[in-house]
Amino acid sequence: MKDNSFIGERIEKIRAALPQGVTLIAVSKYHPVESIEVAYCAGQRDFGESKAQDLVKKYQELPKDIKWHFIGHLQSNKIKYIAPFVHLIHSIDSYRLLQEVDRHAAKAGRRIPCLLQIHIAQEDTKFGLTPDECIELLEKGEWHSLQNIEIHGLMCMASNTDNEKQIAEEFAAVKELFNRIKELYFKERSEFNILSAGMSDDYPIAIQHGSTHIRVGSGIFCK
Ligand SMILES: *Cc1c(COP(=O)(O)O)cnc(C)c1O
C-alpha cells in the first residue's frame with residue numbers, strides 16, 4: 001500500500017498557518033480518489049478540479065458533503081455535467097460562458113456561484129479577462145439579467161516566476177481591481193466577497209494581498 005499519510009500532515013500544517021477567514025482548496029487534479037479520501041479524513045472538504053470529466057467521476061465516488069470547485073478552463077459543452085453539483089466555478093472568462101452556465105444552472109434548478117478569472121500574469125498562455133475586459137463586461141450590465149448565476153468575486157494566477165516582487169505586484173493589482181469592482185457594481189451585494197488567488201508556491205504572498213481562497217495542489221498531494 002502507498003503511504004499517503006503525508007497528505008493529512010500537509011493539510012494540517014497549511015491550515016494551522018492560515019489567517020481566519022481564508023479557505024484552503026485542495027487541488028486534487030491528477031490525484032486519485034484514494035488521495036482525496038486521506039485529505040477528507042483530515043477534515044478537508046473543499047477540493048478543486050480542472051477537468052469536467054474528472055470532476056464528475058470523483059463527485060460520484062466520494063462523499064456528498066465535499067464542496068467541488070471547478071478551476072480549469074471550462075468548455076461550454078462540459079457545463080451540463082457539472083452544473084447539478086459544482087460548488088463554485090472559478091474560471092469564467094467571457095460573458096458567453098457566463099450565459100451558458102446560467103442556462104445549465106436553470107436546467108439543473110439551481111443558482112451557480114461563479115468567479116471572474118482575471119488575466120494578470122506576464123505569460124500569454126494563461127486564460128482570463130484582462131482588468132479592462134472585466135470592467136467592460138460588468139459595465140455592459142447584461143449579466144444583471146442572468147437569474148441562475150451569482151458573481152462572488154475574482155480568481156487569478158500570478159506569473160510562474162521566482163520574482164516575489166513581481167508576484168506581489170500582480171496580486172496587489174488584482175486586489176485593487178477587486179475593491180474597485182466591489183465599489184462600482186456590488187456595493188450592496190454581500191455575496192461578492194471571494195478573491196481566489198495563490199497556489200502552492202505563492203499563497204503566503206496572495207494572503208498578504210487579500211486572498212480569501214487559496215488553491216493548493218502539489219503542496220498537499222505531491223511528495
Ligand atoms: C493546478 C492549479 C492549481 C494548483 O497548483 P499547485 O502549484 O499544484 O498548487 C491552482 N490553480 C489552478 C487554476 C490550477 O490549474
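**Notes on the ligand site and the fold**

1. Leaving aside residues up to four places away in sequence, serine 200 touches Arg215, Val216, Gly217, Ser218 and Gly219. The model is a predicted one, and the distances in the points that follow should be read as values computed from it.

2. In terms of secondary structure, serine 200 sits in a loop, with strand S7 (194–197) on one side and helix H8 (203–208) on the other. Two polar contacts of serine 200 within the protein can be listed: its side chain is joined to the side chain of serine 218 by a polar contact of 3.4 Å, and a polar atom of its side chain lies 2.9 Å from the backbone nitrogen of glycine 219.

3. Which atoms of the protein lie at 2.8 Å or 2.4 Å from atoms of the ligand? For serine 200, a polar side-chain atom lies 2.4 Å from an oxygen atom of the ligand; for arginine 215, a polar side-chain atom lies 2.8 Å from a ligand nitrogen; and for serine 218, a backbone N or O atom lies 2.8 Å from a ligand oxygen. Of the 390 Å² of accessible area that the ligand has on its own, the protein covers 85%.

4. The residues around the ligand are Val27, Lys29, Ile71, Met155, Met157, Met199, Ser200, Arg215, Val216, Gly217 and Ser218. Sorted by class, this shell holds six nonpolar, three polar and two charged residues. Serine 200 is therefore to be read both as one of the residues around the ligand, given the 4 Å cut-off for being near it, and as a residue that touches Arg215, Val216, Gly217 and Ser218, among others.

5. Turning to the protein as a whole, the chain forms nine helices and eight strands. Its radius of gyration is 17 Å, close to the 17 Å given by the globule rule for 223 residues, so the protein is as compact as a globular protein of that length. The C-alpha trace spans about 55 × 45 × 30 Å along its principal axes.

6. On burial and surface, 53% of the 223 residues in the protein are buried, while the protein exposes about 11,100 Å², of which carbon and sulfur atoms supply 48%. As for contacts between residues at least 6 apart in sequence, 60% of them join residues that are at least 24 apart.

Key
Residues are numbered from 1 along each chain as its sequence is written. This is a predicted model: local features need pLDDT of at least 70, side-chain atom pairs count only at pLDDT 80 or more; totals for chains, interfaces and linings use all residues. Side-chain values use heavy atoms; hydrogens and water are left out. A polar contact is a pair of N or O atoms within 3.5 Å; within protein, one must be able to donate a hydrogen and the other to accept it, and residues adjacent in sequence count only if both atoms are side-chain atoms. Accessible areas come from the Shrake-Rupley method with a 1.4 Å probe; for residues, only the protein chains shown count as cover. Ala, Val, Leu, Ile, Met, Phe, Trp, Tyr, Cys and Pro count as nonpolar, Asp, Glu, Lys and Arg as charged, and the others, Gly among them, as polar. Helices (H or I, at least four residues) and strands (E, at least two) are DSSP runs, numbered from the N terminus. The radius of gyration is taken over C-alpha atoms; the globule rule is 2.2 Å times the number of residues to the power 0.38. Buried means under 20% relative accessible area, exposed over 50%, partly exposed in between (1.4 Å probe, protein chains only). Contact means heavy atoms within 4.5 Å.
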